[in-house]
Amino acid sequence: MDNKDSEAEIHPLKTEDVKAQENHENSVERRIISKQSSRLSRLSRWRTAAFFVSLFLCLIIVFAFSFIIPCPERPVSERTWFRNYDNAVAYQFLAIEDVNEDKVQDVIFAFKAGNGSSSFNRSCLEEDLPSPCAFLAAVSGTNGGALWETPAAQELEWMECGIKQLAGAEAPGCLVVGKPASLTAIDLWTGEVRWRQSSDFGANYTVLTPVSVIPDVDSDGVQDLIIFIATGDKIKTFIHSGKNGKQIGSTGSLNVDGTARYIRLNPGSSSYFLFYTENSLYAYSLKDLYSAATGMEIKLPSLEQDPQWEKNIDRTTHRLSLLSSGDIRYLAKIPGQSRENVLVVNSEMATLINAQNLQTLWTLNVSRVVSEPLLGYYKPDVLGIVLESEIGPNRKKVMIVESGSGAVQWDLQLNSRAESPGPATLPTADHRSTFLIWGEYQAAENETRSRAPLQKLYLFHPSYTNVLLELRNSTDQIIAFDAALFERSRHACYVLLRGPQPSEEPGSVSLMKRKLKEDVSESRVIWLSQVAADSEQYVRDRLYRMRFHSRV
């Protein structure tokens, strides 16, 4: 302190300069702090304003969606509806697609009459067809109301719906193969005819079904169609443009030894068509068929040939040596772990073939299978195959076979008519299936064979292996039957088309959709064994509450 005081006394001006400089620095710091405080204050106000504006916008959006903008209304589906047509005959075709884009499946079917229903008053003459003619009709799945009706052909040979990009349209389409030979593309959403092409299939021909969609081979941006026509021991091959229906190239010809049917397989990136008769199995690659029809080579990924398959195909006859025995009744594609396998059903056994190396996976003794093999799930997520085989006059056996091992998981014997519909399955939320089966169950002690079997519809679910539910008894002639979930993971229904067939005199044609739960609540419980752990009403209630799940 003494030193400082002494220095202040000696240098009084210097001390005042230091004090002045310190005061100046303090003043500058205060101004900087003041500016920073002011800037922070303004930023804080902006943040507060932004927060309240965001909150206000959120409240407006919530208010709008809650009170102003109405929620989309789910269509209310009737539990049961009927659609009747007088003085008509029905064809054995049913398709279930969403026609009016309301997220509810609709029903498409075909009938033959002089005029359409009173809803549209369409006539055959509108499409330059003689009367009576075949009509294609779409009916709403919610209430059975007519969506559209279109005169399609003089006589119907085959119908297939849900074909994407048909005629280059945004909407899927229906392809109708008619007689005299013609192809007609119909818009699924509107029922309008997109194109119609006449063709020369020859005399006394049969269309091998289904019609196959193939990759775009004429470079017009639309998938094309390949059609197989059987005439005697020959199969004619026609490739038509999906855009306008015109034939691409010339007609190919395949030699077979009898009445043939076919399935299509896709081993790896290749595509093969397997034609089977009672005695032989033939295989043609899509590349071979295209080259035969056009006389040209084309390089597309799906036209590649599989080396393993080519080794097993005779290059002269195109016979495929899968099995030594003949008498093939059905071929079916069975999904495997990595690719599709082939189920070969002949008069004595069923054999599953690995489609990759063509080796036998398993065999099962089963005689005289009477309906197309059907897929379903007896165990959770374990694919099964439903086989119906004849075991005597008006008698059949229904089996559920595990696809991986060939083991029989469940079987049932029923009385059955020759014209009874095949079975159907519906996926359930427990990763299994509900099985719908036609026939007549009789306990062993009550068996009588003096009368014709009745047509009864039964429901079976693997949660009750010893229970059948008898849903309904139909005395009418059933032309077509199918079951589906009409809404995603809900509204399980079945559809019945009844009436006279084209070979019979016209009469009343009836189309019916019925919700499955309506029949379950009124069903009769049949115990397949004497073990009855639960009451009949408990079984009905539990199966009534069963939930369904749409598999991707």
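Is Phe273 buried or exposed at 0% relative accessibility? Phe273 counts as buried at this value, where buried denotes under 20% relative accessible area, exposed over 50% and partly exposed the range in between (1.4 Å probe, protein chains only). The structure is a predicted model, in which local features require pLDDT of at least 70 and side-chain atom pairs count only at pLDDT 80 or more, whereas totals for chains, interfaces and linings use all residues. Residues are numbered from 1 along each chain as its sequence is written, and side-chain values use heavy atoms, with hydrogens and water left out.

The aromatic residues were examined through their ring pairs. A pair of aromatic rings is described by the distance of the centres and the angle of the planes. Rings of Phe, Tyr and Trp (its six-membered ring) were paired if their centres lie within 6.5 Å; planes under 30 degrees apart count as stacked, over 60 as edge-to-face and the rest as tilted. The structure contains 19 aromatic pairs. In one of these, Phe228 and Phe273 adopt an edge-to-face arrangement, with 5.3 Å from centre to centre and 65° between the planes. This pair links distant parts of the chain, since Phe228 belongs to strand 10 (residues 224–231) and Phe273 to strand 14 (residues 272–276), 45 residues apart; helices (H or I, at least four residues) and strands (E, at least two) are DSSP runs, numbered from the N terminus. Phe228 is also buried, with a relative accessible area of 0%. A further edge-to-face pair is formed by Phe228 and Phe275, because their ring centres are 5.0 Å apart and their planes stand at 85°. Phe228 lies in strand 10 and Phe275 in strand 14, so this pair ties together parts that are 47 residues apart in sequence. Phe275 likewise counts as buried, at 0% relative accessibility. Ring pairs join Phe228, Tyr262, Phe273, Phe275 and Tyr284 into a cluster.

Charged side chains were also found over aromatic rings, the criterion being NZ of Lys or CZ of Arg within 6 Å of the ring centre and within 35 degrees of the ring normal. Lys179 lies over the face of Tyr205, at 5.1 Å from the ring centre. Arg551 lies over the face of Tyr377, at 3.7 Å from the ring centre.

Salt bridges, defined by a side-chain nitrogen of Lys or Arg within 4 Å of a carboxyl oxygen of Asp or Glu, number 22. Glu419 and Arg417 form one of them, with the closest N and O atoms 3.9 Å apart; Arg417 is partly exposed, at a relative accessible area of 23%. Another joins Arg432 to Asp430 at 3.1 Å, N to O. Within this pair, Arg432 is buried at 19% relative accessibility, while Asp430 is partly exposed at 29%. A salt bridge of 3.8 Å, N to O, connects Glu470 with Lys456. The two residues link distant parts of the chain, Glu470 in strand 27 (residues 467–474) and Lys456 in strand 26 (residues 455–460), 14 residues apart. Both partners are buried: Glu470 has a relative accessible area of 14%, and Lys456 has 12% relative accessibility. Salt bridges with shared partners also unite Arg122, Glu126, Glu127 and Arg196 in one network.

A nonpolar core was taken as a set of buried Ala, Val, Leu, Ile, Met, Phe, Trp, Tyr and Cys residues joined through side-chain atoms within 4.5 Å. The largest such core has 36 residues, of which Ile108, Leu136, Leu156 and Met159 touch the most other members. Strand 5 (residues 155–163) makes the greatest contribution to this core, with five residues. With neighbours within four places in sequence set aside, the contacts of Ile108 (heavy atoms within 4.5 Å) include Phe93, Leu136, Met159, Cys161 and Leu188.

Ser270, in the loop between strand 13 (261–265) and strand 14, is buried, with a relative accessible area of 4%. The side chain of Ser270 reaches the backbone oxygen of Glu304 at 2.9 Å. In helix 3 (residues 286–294), the buried residues are Leu286, Leu289, Tyr290, Ser291, Ala293 and Thr294. Gly295 follows helix 3 and has a positive phi, near 70°. Glu170, in the loop between strand 5 and strand 6 (173–179), is exposed, with a relative accessible area of 74%. The C-alpha atoms of Glu170 and Asp187 are separated by 9.3 Å, the residues being 17 apart along the chain.

Key: Polar contact = N/O pair within 3.5 Å; in protein donor to acceptor, adjacent residues only side chain to side chain.
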